[in-house]
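Visitor: I'm new to this one. Could you show me how to read it, feature by feature?

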Amino acid sequence: VPNEIKQEGTTGAGRVASGDGQSIILPSGLSITAIQLHIDQTHGTYGASDVELQLWETERENGDLIRSGASSVASGSLLKEEIGQTPGWVTVLLGTPYSNTSPDPVELVFEFVVSSSDLDGVNYYSFSELNAYTYGSQVYWPGGGQSYVDLSPYDFTFRAIVEVPSENEPI
């Protein structure tokens, strides 16, 4: 599993709903601090809409991808004013970085939370259907105790910002 977690190709763009997301693999010993997304265009009275992402731990159960816990492990948001009228790459900082302290890679999903109406503004997020990120895919969470719906070969256009956590011990 490579330390670079990204898919920068673009073959189209579309709207998202709450529950839309992207599965990724985070190697052992790395922390994820932010997600960069590519917004192709915006529409609506105010142009862009706010962006809110939640990061979920997942596990495989009989081949299905399910959430590991009842709540997300990290989240971040970006106000529409920070996107402006010139879409492109935007960075959503996680309030608290998520660190993979296990000896194995973990599968995570960053998931959109959409709370604004179309009148407030709509973002069209770039994607590729060429399976450019081979360690995950676009997914959709239908709610309840169900598993994610795998939308392969689609991937969002994204970059996960990762780092090796500091090992500074208090003196």
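**Strands and their partners**

Guide: Let's start with two strands side by side: β4 and β10 pair in the antiparallel sense over four bridges. This is a predicted model, where local features need pLDDT of at least 70 and side-chain atom pairs count only at pLDDT 80 or more, while totals for chains, interfaces and linings use all residues. Residues are numbered from 1 along each chain as its sequence is written, and side-chain values use heavy atoms, with hydrogens and water left out.

Visitor: What counts as a strand, and what counts as a pair?

Guide: Strands (E, at least two residues) are DSSP runs, numbered from the N terminus. Two strands pair if DSSP finds at least two bridges between them. Here, Thr-42 stands opposite Asn-123 in β10.

Visitor: Which other strands pair with β10?

Guide: Strand β2, residues 12–14, pairs with β10 in the antiparallel sense over three bridges, and Gly-12 stands opposite Phe-127. Strand β13, residues 155–156, is also antiparallel to β10, over two bridges. There, Ser-128 has Asp-155 as its bridge partner.

Visitor: How many residues of β10 are buried?

Guide: Buried means under 20% relative accessible area, exposed means over 50%, and partly exposed is in between (1.4 Å probe, protein chains only). In β10, residues 122–128, seven of the seven residues are buried. Val-122, Tyr-124, Ser-126 and Ser-128 point one way, Asn-123, Tyr-125 and Phe-127 point the other way, and all are buried.

Visitor: What does Phe-110 touch?

Guide: Contact means heavy atoms within 4.5 Å. Setting aside residues up to four places away in sequence, Phe-110 touches a list of residues including Ile-24, Ile-35, Leu-37, Leu-53, Leu-55 and Phe-158. Phe-110 sits in strand β9, residues 106–112. With a relative accessible area of 1%, Phe-110 counts as buried. Phe-110 and Ala-160 are 50 residues apart in sequence, and their C-alpha atoms are 9.7 Å apart in space.

Visitor: And Ser-31: buried or exposed?

Guide: Buried, because its relative accessible area is 3%. Ser-31 belongs to β4, which covers residues 31–43. Beyond its neighbours within four places in sequence, Ser-31 is in contact with Tyr-98, Ser-99, Ile-161, Val-162, Glu-163 and Pro-165.

Visitor: Which side chain makes a polar contact with the side chain of Ser-31?

Guide: A polar contact is a pair of N or O atoms within 3.5 Å; within protein, one must be able to donate a hydrogen and the other to accept it, and residues adjacent in sequence count only if both atoms are side-chain atoms. For Ser-31, the partner is the side chain of Ser-99, at 2.4 Å.

**Charged pairs**

Visitor: How many salt bridges are there?

Guide: A salt bridge is a side-chain nitrogen of Lys or Arg within 4 Å of a carboxyl oxygen of Asp or Glu. By this rule there are five. A network of salt bridges links Glu-4, Lys-6, Glu-8 and Arg-159.
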